[in-house]
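Let us read a protein model together, one feature at a time. Please keep the sequence and the structure in view during the dialogue.

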Amino acid sequence: MNKMSFKDSVITAKQFSAVDMTTGKTIWFSRLRSPQHLYPLTEKDYCEAIKYAVQHGIDQMPILSVSTKDFPYCDFDCKDCLACPSRRWAIEDQHIKYPIIPIDKYKKILREISAYSSRRGFNKVRFEVCGEGNPDLYKHRIEMLEYANQECNMGLVYVSTGSHISDELLECLVNNVAFIRISFPGIGTDAYKTYSNQKSKNKDFSYDDAIHLLDKLCNARAKAGREDTLLIGTRTCIRPLNAGHYDEFIHTIANIGVDVFQGVKVLIPNFESVKNENISQKEVEELINLRELAYSYGLKDFQLPNNLNTVYKNRAMVERDKPTRCWSSLISPPLYGTNLMCCVLWDRITDFNYHYGIMEGEENELESLMHGESAKFIMKNCPRNCTECPSLKDNGFMESLWRVLKFQENLDNVKFITHY
Ligand code: SF4
Ligand code: SF4
């Protein structure tokens, strides 16, 4: 039998369980699967981190994942761009000292993050370059990615429209990154043009250009011999003008060799104002049909939101949803410029109370940032004072495991098993 590739082993896993090896009993299991959300990490890494927290203290957990907002300028002007309010706060109001991180400082920060986790036994921090702008435009991107991968052993995720991926950057991505996700503001020529709302003086980046880019990426991946490890995916918001174009899109990208698709809902800070905007029944049916068809076309993962009816997502959190602590702020704090913070929510980004502090790139500085006064404030107030949450599922998943593991007599006998 052929050995399963790393990529397939992560993408096709169905369930995780914690087993007490002395009795053979399953003490906890989870069917929650979001492989694209975690890749190249898996739920198992999160389970091990929770076990570490039970053994060594919650505030001693390694950082597993960081998403970085290091370039807050964009050549697109998308409808409902979620980055706009925080960008204004960060740049125009000058609240963030380094909205673009100088490369020498950046390298030191990357090294410090990986060293902090490595001291806690975790050696492959997921580092996601995304959001707030077009990451292709950061002029030291190649140097930054090569350093993060080759010197810090990070599992890199790169999220972009790809409108400014040069041949050199493409080469670097294919050789250093674990997951490349190309975002489509719309599906189909007109939807792409309308929703991306580009205002450049030069020729706009088109839907066809984005498809061509995916083709180039998949060919370069084959040439680099990385088909077993480099995941290539696409992401779009489910919107009315996409209707009627999904089937052809999924067929096309699967033929090219793209692995995964993620459809998400549009997010804006004020859900109440848009709660009645609905997706047509025809579009919903098209997407539901693709839930099966996408795999027959050749995709490895096709992910949609649960409730397809509304255009916008409501992430309001009621009291009963709240886990007893915000795990994600401990193990996946985002970086905005050089500010390390508890989560990507707009009102958390713009409130310094919810920042761990500013990273300078000094050796061991995370030991004090992750255990200082701000960290204590975050731990005390989140999720208690949170009214909406982007990490609801992650927090619930980790909380449920924590509650089981803390009553185990001997954690050395607990092993986490992946089921296919
Ligand atoms: S590509 Fe992303 S950052 Fe740029 S305008 Fe669109 S949503 Fe905003
Ligand atoms: S909204 Fe609150 S609970 Fe959710 S991730 Fe952010 S800080 Fe944590």
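This is a predicted model: local features need pLDDT of at least 70, side-chain atom pairs count only at pLDDT 80 or more; totals for chains, interfaces and linings use all residues.

**Reading the features of the model**

Q: Where is C386 placed, and which residues does C386 touch?

A: C386 belongs to the loop between α15 (373–381) and α16 (392–405). Helices (H or I, at least four residues) and strands (E, at least two) are DSSP runs, numbered from the N terminus. Contact means heavy atoms within 4.5 Å. Not counting residues up to four places away in sequence, C386 touches M317, K322, R348 and N381. From C-alpha to C-alpha, C386 and S166 are 41 Å apart in space, and they are 220 residues apart in sequence.

Q: How many residues surround ligand 2, and which are the closest?

A: A residue is near a molecule or strand if one of its heavy atoms lies within 4 Å of it. Ligand 2 is surrounded by 13 residues, and the closest are C326, C343, C386, E388 and C389. Ala, Val, Leu, Ile, Met, Phe, Trp, Tyr, Cys and Pro count as nonpolar, Asp, Glu, Lys and Arg as charged, and the others, Gly among them, as polar. The shell around ligand 2 holds nine nonpolar residues, three polar and one charged.

Q: Which residues surround ligand 1, and how do they divide?

A: The residues around ligand 1 are C74, F76, C78, C81, R87, G133 and T161. This shell divides into four nonpolar, two polar and one charged.

Q: What is the order of the strands in the open sheet?

A: Two strands pair if DSSP finds at least two bridges between them. Here 10 strands form an open sheet with mixed pairing, in the order β9-β8-β7-β6-β5-β4-β3-β10-β11-β12. Its edge strands are β9 (301–303) and β12, each of which pairs on one side only.

Q: Why is strand β3 described as largely enclosed?

A: Five of the five residues of β3 (residues 65–69) are buried, so the strand is largely enclosed by the rest of the structure. S65, S67 and K69 point one way from β3, while V66 and T68 point the other way. In the parallel sense, β3 pairs with β4 over four bridges and with strand β10 (residues 335–336) over two bridges. T68 has V129 as its bridge partner in β4 and L335 as its bridge partner in β10.

Q: How many residues of β7 are buried, and which strands pair with β7?

A: Strand β7 is mostly covered, as five of its seven residues are buried. Strand β6 (residues 179–184) pairs with β7 in the parallel sense over six bridges, and F184 has T236 as its bridge partner in β7. Strand β7 (residues 231–237) also pairs with strand β8 (residues 260–264) in the parallel sense, over five bridges. There T234 stands opposite F261, and G233 has V260 as its bridge partner.

Q: Which residues of helix α6 are buried, and what covers them?

A: An α-helix has 3.6 residues a turn, so residues three or four places apart point the same way. In helix α6 (residues 141–151), the buried residues are R141, M144, L145, Y147, A148 and N149. Their cover includes α5 (103–118), β4 (126–129), β5 (155–160) and α7 (167–176). Just after α6, N153 takes a positive phi of about 55°.

Q: Where is N364, and what is its relative accessibility?

A: N364 is found in the loop between β12 (355–358) and α14 (365–369). At 37% relative accessibility, N364 counts as partly exposed. Leaving aside neighbours within four places in sequence, N364 is in contact with E112 and R119.

Methods: Residues are numbered from 1 along each chain as its sequence is written. Chains are lettered from A and ligands numbered from 1 in the order in which they are written. Side-chain values use heavy atoms; hydrogens and water are left out. Buried means under 20% relative accessible area, exposed over 50%, partly exposed in between (1.4 Å probe, protein chains only).
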